[in-house]
Amino acid sequence: MTADNPAAGTSAATAGTSGPRLLAGGPIAAEIRDALGTDFAAFKERWGYVPTLAVVLVGADAPSAVYLQQILRTCQRVGVEGRLVEIGSEVTADAVCNEIERLNADPAVAGIIVQMPLPAHIPLHAVIDSIDPAKDIDGIHPRNAGLLSLGYDGFLPATAQAAVEILKRSGIEIVGKRVVVVGRSNVVGKPAALLLLREHGSVTVLHSRTRDLGHYTRDAEILVVAAGRPGLIRGDMLSPGVVVVDVGINVVGDKLLGDVDFESARDVVSAITPVPGGVGPLTNALLLSHLLRAATDQAERGAAATAGTAAASAAGAAGQ
Ligand code: NAD
């Protein structure tokens, strides 16, 4: 490894003797889940209930269904209640928003996520706006997106956070590096770019209208790809020693493929997240860490409000 290689001198994760270092998300996710199991048990002990994650599914969409099983299984593993709220696709936007309002008002529900994509007739912004920002644990509400862009402490979009977290927890230095992000969606590319900027990377964002992608990707020391295009990034578009985070999950036949063509990239990169098994497993674990924070904030606020009411009525009684 050369001094230019961002992965040089790092030791964690699996490494084949011949191939690049594989940045596996599974072991990191397992560590986070173990800690969450303990923390949720302590939460139940302290507050007397198990918080609920509500997963809203509008219409039946195959990729969503696979993802749903994963998130519900993760809920079970860490000891929280996963509640699937299924709404048929023949529904109005108002009906979806009303359902979300009910979840906002339900004290057992600490967090709400809405599965994407929504049916075409339902405006995304109406649904996003209706989620209580305090329960928006995947950071899609404008309030949380604004907090992220200002560098304040809101809920982060879990996938974007996972893309950055896998670098940090694998000991890969981001400070001062030339970081290129492919994709500018509100849920992955854009928040990932903001988080990498927060980590002091020098960030360039590419997208579907970028001319000559390779011109920019070849300059990257760290490359994060979230385009939803299988094999978009090939080995000849990379410079030797680059660290690659492949966020893409594409169902191609019976395979799950990333946005990076692993076969041509493997001899060029110094480290790369595999697909599957890279960013994906980390996303759910981080989402549930957000649930813990949301549940704790809500429980503490509720307790403070109750104490305030009790104090006010005691003062009222004393004044009579
Ligand atoms: P999206 O379709 O909303 O956005 C894709 C982005 O890629 C857009 O900004 C677009 O401009 C850009 N893009 C598309 N084609 C391009 C091209 N040829 N060249 C350059 N840029 C191009 O997708 P998304 O929701 O951001 O998801 C991106 C990928 O990440 C998908 O494969 C998705 O399945 C995956 N994903 C993974 C996880 C996870 O947990 N690992 C979670 C969410 C999404």
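Mentor: Strand S6 (residues 178–182) is mostly covered, with four of its five residues buried. Buried here means that 20 or more other C-beta atoms, placed from the backbone, lie within 10 Å of the residue's own. Strands are DSSP runs of E with at least two residues, helices are runs of H or I with at least four, and both are numbered from the N terminus. Before going on, note that this is a predicted model: local features need pLDDT of at least 70, side-chain atom pairs count only at pLDDT 80 or more, and totals for chains, interfaces and linings use all residues. Residues are numbered from 1 along each chain as its sequence is written.

Now to the neighbours. S6 pairs in the parallel sense with strand S7 (residues 202–206) over five bridges, where pairing requires that DSSP finds at least two bridges between the strands. Within this pair, Val179 stands opposite Val203 of S7. To get from S6 to S7, the chain passes through helix H7 (residues 189–198), and this β-α-β crossover is right-handed; that is, with the strands pointing away from the viewer, the path from the first strand over the helix to the second runs clockwise.

S6 also pairs with strand S8 (residues 222–225), again in the parallel sense, over four bridges. Here Val180 has Leu223 of S8 as its bridge partner.

How values were computed
Buried ≥ 20, exposed ≤ 12 C-beta atoms within 10 Å, placed from the backbone.
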